[in-house]
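Have a look at the fold below before reading on. The notes after it go from the whole chain down to a few individual spots.

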Amino acid sequence: MLLRVIGAARRGNHGPWRMTRTVTRPLSSRAVIDMATRDGELRVFLVAGEVSGDSIASRLMASLKKLSPYPVRFAGVGGDLMRREGLQRIFPMEDLAVMGLWELLPHIINFRARLKETVEAAVSFRPQVVVTVDSKGFSFRLLKQLNDVFRGEKDRPVHVHYVAPSFWAWKGGERRLERLRQFVDHILCILPFEAEVCRWNGLAATYVGHPVLEDALHLDLDLDPSSNKQKMRRNGDAFRHEHGLSPGATVITLLPGSRLQEVTRMLPIYLQAVQLLKDSFADLSIIIPVAPNRDVEAYINREVQSWSLSAVLISGASLDKKYNAFSASSAALCTSGTGVMELQLAGLSCVVAYQAHFLTEWLIQYKTKLNFISLPNIILNSAVIPEVLFRACTSEKLATILRTATVLSYFPY
């Protein structure tokens, strides 16, 4: 898909939207593949600033290596998954894994330094295409600066952004899309309606599907939950046996997030909530799929040493281990994000929780036009998943809801 997209982007062939808008960012007539033919290789500069982006980008890299008729070289910013696919990494993505307004301020000097370093690395690498994945705060600043650097050059790189900004969540969000035309050539969207809205606002866009759907393919799951009951049951039983969890144990999975700032804020609340359940469930255990983030891994490994509850830590980078853990669990506590979609695919009941600095929370409440923060609730416009947010997010409240969810929980078998 990307090979077709970047070729079309270079030619200016953007489909139906071309009838309604004019691109302000001039495009060369030479396709990326033509440049790769000339150079004998395809050079792709990628940037992913968080765990979900690392996963998305690594899969894209693997696909490009299979599909490209020329050798592919990768450079940029990413995590271990991207590095395993051959990324020549400038610096670890953990340096960019900051979310929120107030939370960013202590990191602003480092953020600017890393941006400058990334621009210089991209210019030196001379890519034919630049792909940024989510992390719009850093990604769009990078693409804008690269647009200025390569302005007027015949062989300037094509700019592709993967995962459309959530314009549908914010007041005035669609109006901001028009500004992206100046430095973004193509957007790869994970929700069906996003591509059409982007095109109406002058942005070439393609719907490529939600990354979690690839989990189903990898795990050989049918999207009809009823067809996977026995397989998931066997996987859950095997996981419990492997990790010494009794068949009758109540097992709670904790997904506190992938960024250090959110994990340090949410994990203590989650732990207190589970401890409040000890009197309700005699045999209680915890599973934590640890996000592949060096700072998060170090923090969680350090924290569990002082816990009184039994905790099983697994690598969140392993799909098999993660979904087997979900199958072995009774319920989950989850910080909003990709984890919510994964839990829905696994058929595990969960409670979504979120806290941030009060200024960040105020900005979210003031600027958003949505009633929910988790994607399933947003799509259905209904609280099908309990959400406990902001100041209401206390360990007592989570324990109360989780107790009900656990008692009424169902394994996907």
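What follows is a short tour of a predicted model.

## The chain as a whole

Let's start with the overall counts. The protein chain has 17 helices and 13 strands. Of its 413 residues, 54% count as buried. Take the contacts in the chain with a separation of 6 or more: 69% of them are between residues 24 or more positions apart.

In soluble globular proteins, nonpolar side chains tend to be buried together. Here, the largest nonpolar core has 114 residues. Val44, Leu46, Ile187, Leu254, Ile300 and Leu398 have the most contacts inside it. Helix H11, residues 260–275, supplies the largest share of this core, with 8 residues. There is also a second, separate core of 9 residues, and Ala249, Val251, Ile314 and Ala325 are among them.

Ile187 is worth a click. Setting aside neighbours within four places in sequence, Ile187 is in contact with His161, Ala164, Pro165, Leu180 and Cys198, and also with Leu203, Ala204, Ala205 and Thr206.

## Helix H3

In H3, Val51, Gly53, Asp54, Ser55, Ile56 and Ala57 are buried, as are Ser58, Leu60, Met61 and Leu64.

## Around Ser135

Where does Ser135 sit? It is in the loop between strand E4 (129–133) and helix H6 (136–149). Ser135 counts as buried because its relative accessibility is 17%, and the cut-off is under 20%.

Beyond its neighbours within four places in sequence, Ser135 is in contact with Gly49 and Glu50. Ser135 also pairs up across the sequence with Gly53: the two are 82 residues apart in sequence, yet 7.9 Å apart in space, C-alpha to C-alpha. Gly53 is one of the buried residues of H3.

## H13 against H14

Two packed helices are described by the angle between their axes and the distance between the axes. For helix H13 (residues 319–328) and helix H14 (residues 338–346), the axes come within 10 Å and cross at roughly 60°. The crossing of H13 past H14 is right-handed.

Which residues make the contact? On H13 they are Lys322, Tyr323 and Phe326, and on H14 they are Glu342, Leu343, Leu345 and Ala346. By class, that contact has 5 nonpolar, no polar and 2 charged residues.

Terms used:
Residues numbered from 1 in each chain as written. Predicted model: local features only at pLDDT ≥ 70, side-chain atom pairs only at ≥ 80, totals over all residues. Heavy atoms only, no water. Core = buried A, V, L, I, M, F, W, Y, C linked by side-chain atoms within 4.5 Å. Buried < 20%, exposed > 50% of the residue type's maximum accessible area, 1.4 Å probe, protein only. Helix = DSSP H or I, 4+ residues; strand = E, 2+ residues; numbered from the N terminus. Contact = heavy atoms within 4.5 Å. Axes fitted to C-alpha atoms, helices over the stretch in contact; angles between N-to-C directions. Left-handed = near helix turned anticlockwise from the far one by under 90°. Nonpolar A, V, L, I, M, F, W, Y, C, P; charged D, E, K, R; others polar.
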